[in-house]
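Visitor: Hi! Could we go through this one together?
Guide: Happy to. Here it is.

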Amino acid sequence: MKKLIDLHHHVFPHGFKTHNWEIHEDQEEMERLGIDGVLLSCPLPAESENVRKINEFLAKGCSYDPKRYGMLASIPFDNVENALKEIE
């Protein structure tokens, strides 16, 4: 049986003046479209001050259903040292 995985599933944390992502709406859409799993990512610029909030939001989304949700973590683009800390 083939599985359909969305490798570029954009979500936006609350408070970033974009569409607010809701897990229950997302799961309904996945069912409707026949998507078995996704890798969550946030396409917003990842400045050092926001990256931890973004990654925690993505991790929380994954925790609802770890068999169907994974994530592509963000790293800060504005500071190499902060990017290395986030990778740790």
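Visitor: How many residues apart in helix H3 are lysine 85 and glutamate 81?
Guide: They are 4 residues apart, so about one helical turn separates them. Keep in mind as we go that this is a predicted model.

Visitor: What do the side chains of lysine 85 and glutamate 81 meet in?
Guide: A salt bridge, with 3.8 Å from N to O. Glutamate 81 has a relative accessible area of 52%, so this residue counts as exposed.

Visitor: How many salt bridges does the structure hold?
Guide: There are 4. One of them joins the side chains of arginine 52 and glutamate 86, at 3.0 Å from N to O. That pair links distant parts of the chain, with arginine 52 in helix H2 and glutamate 86 in helix H3, 34 residues apart.

Visitor: Is glutamate 86 buried or exposed?
Guide: Glutamate 86 is buried, because its relative accessibility of 17% is under the 20% cut-off. Arginine 52, at 43%, counts as partly exposed.

Visitor: Which residues does glutamate 86 touch?
Guide: Leaving out residues up to four places away in sequence, glutamate 86 touches Val51, Arg52, Asn55, Ser74 and Pro76.

Visitor: Changing topic: which residues touch the most other members in the largest nonpolar core?
Guide: Val11, Trp21, Val38, Leu40 and Tyr69 do, out of 15 residues in that core. Helix H1, strand E2 and helix H2 each give two or more residues to this core, and H2 gives the most, with 4 residues.

Visitor: What does leucine 40 touch?
Guide: Not counting residues up to four places away in sequence, its contacts include Val11, Trp21, Leu58, Cys62 and Tyr69.

Visitor: Now the surface: which residues make the nonpolar patch?
Guide: Ile75, Val80, Leu84 and Ile87 make a patch of about 410 Å². Valine 80 is in helix H3 and is exposed, with a relative accessible area of 64%.

Visitor: Last one: which element has the lowest mean pLDDT?
Guide: That is H3, at 86, while strand E3 has the highest, at 96. The chain averages 87, and 99% of the residues score at least 70.

Methods: Residues numbered from 1 in each chain as written. Predicted model: local features only at pLDDT ≥ 70, side-chain atom pairs only at ≥ 80, totals over all residues. Heavy atoms only, no water. Contact = heavy atoms within 4.5 Å. pLDDT = per-residue confidence, 0-100. Patch = residues over 30% accessible without salt bridge, like charges linked within 9 Å, V, L, I, M, F, W, Y side chains within 5 Å. Areas by Shrake-Rupley, 256 points an atom, 1.4 Å probe, with all protein chains shown as cover. Buried < 20%, exposed > 50% of the residue type's maximum accessible area, 1.4 Å probe, protein only. Core = buried A, V, L, I, M, F, W, Y, C linked by side-chain atoms within 4.5 Å.
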